[in-house]
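Student: I have a model open and want to walk through it. Can we take it piece by piece?

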Amino acid sequence: MSTLYVVATPIGNLEDMTPRARRILGEVDLILAEDTRVTRKLLTAFQIKTPLESHHQHNEGVKAAAIIARMQTQDLQVALVSDAGTPAISDPGARLVAAAHEAGIPVVAVPGPSAMAAALSSSGFEEAAFAFYGFLPRKPTELKASLKALQEGPPLAVVYESPHRVKALLTALAEVFPGIRMSLSRELTKVHEQTLRGSVETVLDAFRQDEGLLRGEFVLVLSLPRAQKAQEAEPLSLEARLMDQVVKGFSLREAQEALVAAGHRKNAVYAAALSLKTAAAERLADSQN
């Protein structure tokens, strides 16, 4: 039976290649790669000679259909990889995986390196709930709108960013969420791996002082402030509703009848009216003493 293996590969350090991933890539009939040139270097490093075919964002729709058709007619073992890390997470592959499930073809995950997981583990934030958003929009207005919308999700947000856009993202963050706590990781698992942690202003200032930081790919973990929700108005008591009607010129009896007609229990309305009468009598007695 055909099987699709979703194989995680190193995000920088070749020592992170798992024995299982190495074995699977050597045993399958075909490897689908985001960039065959990048994956060829990886396979050469581990002396793997499995045939390669391209499978990227520009051909995924057509390619997925063709591969699934072949897997339905042949006993074809296929591995899906991205340039680095885990496929189908902010990388091509989700369409192929979905098509395989729909066709009844087993999908097997071969877990391993993930920039998102690595950044979260080194961020130092204790919140368990988080959401991964990949790359945010480029246009300033859309970017700020997306940032504000993050508050509607879990307390931690994980986003990716490229070297030439990371300062713009940090600047937008400082404008939308001044003082926000965050962790920024770059060059994960590589020689110059670095994680900066603190307020967004502190991290942004580090980039302004050292242009050398603008190298590699970036993963940001954001500790989001909670959105301010408008407090729901307290429901008016029956006494308050009765008083409102009296102020508007109705007699207390008429006010009672109106509340009962609106669906309030007759006994409760009568008790509220009696409470108002008692309070009025006490105030009158106090004023005369």
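**A glycine, a sheet and a helix pair**

Tutor: Let's start with one residue. Gly-198 is partly exposed, because its relative accessible area is 23%, and buried would need under 20%. Keep in mind that this is a predicted model.

Student: Which strand is Gly-198 in?

Tutor: Gly-198 sits in strand β9, residues 194–199.

Student: And what is Gly-198 in contact with, leaving aside its neighbours within four places in sequence?

Tutor: Ile-180, Arg-181, Met-182 and Val-203.

Student: How far is Gly-198 from Leu-150 in space?

Tutor: The C-alpha atoms are 19 Å apart, and in sequence the two residues are 48 apart.

Student: Switching to the sheet. What is the strand order in the open sheet?

Tutor: The order is β3-β2-β4-β1-β5, five strands with parallel pairing.

Student: Which strands stand at the edges?

Tutor: β3 (52–54) and β5 (107–110). Each has a single partner strand, so one side of each lacks a neighbour in the sheet.

Student: By how many degrees are neighbouring strands turned against each other?

Tutor: On average 25 degrees, direction ignored.

Student: How many bridges join β2 to β3?

Tutor: Three, with β2 covering residues 30–33 and the two strands running parallel. Ile-31 stands opposite Leu-52 of β3.

Student: Which strands does helix α1 lie across?

Tutor: Helix α1, residues 19–27, lies across β1 (3–7), β2, β4 (77–81) and β5. Its angle to β5 is about 135 degrees.

Student: Now the helix pair. At what angle do α7 and α8 pack?

Tutor: About 150 degrees, with the axes 9 Å apart. Here α7 is residues 166–176 and α8 is residues 200–209. The angle makes α7 roughly antiparallel to α8, because anything over 145 degrees counts that way.

Student: Is the crossing left-handed or right-handed?

Tutor: α7 passes α8 in a left-handed crossing.

Student: Which residues make the contact?

Tutor: From α7, Val-166, Lys-167, Leu-170, Thr-171, Leu-173 and Ala-174. From α8, Val-200, Glu-201, Val-203, Leu-204, Phe-207 and Arg-208.

Student: How does the contact of α7 with α8 split by class?

Tutor: Eight residues are nonpolar, one is polar and three are charged.

Student: Which residues of α7 are buried?

Tutor: Val-166, Leu-169, Leu-170, Ala-172, Leu-173, Ala-174 and Val-176.

Student: What do the buried residues of α7 pack against?

Tutor: Helices α6 (140–149) and α8, plus strands β7 (156–161), β8 (181–186) and β10 (218–223).

Technical notes:
Residues numbered from 1 in each chain as written. Predicted model: local features only at pLDDT ≥ 70, side-chain atom pairs only at ≥ 80, totals over all residues. Heavy atoms only, no water. Axes fitted to C-alpha atoms, helices over the stretch in contact; angles between N-to-C directions. Helix = DSSP H or I, 4+ residues; strand = E, 2+ residues; numbered from the N terminus. Parallel < 35°, antiparallel > 145°, perpendicular 65-115°, else oblique. Left-handed = near helix turned anticlockwise from the far one by under 90°. Contact = heavy atoms within 4.5 Å. Nonpolar A, V, L, I, M, F, W, Y, C, P; charged D, E, K, R; others polar. Pairing = 2+ DSSP bridges. Buried < 20%, exposed > 50% of the residue type's maximum accessible area, 1.4 Å probe, protein only.
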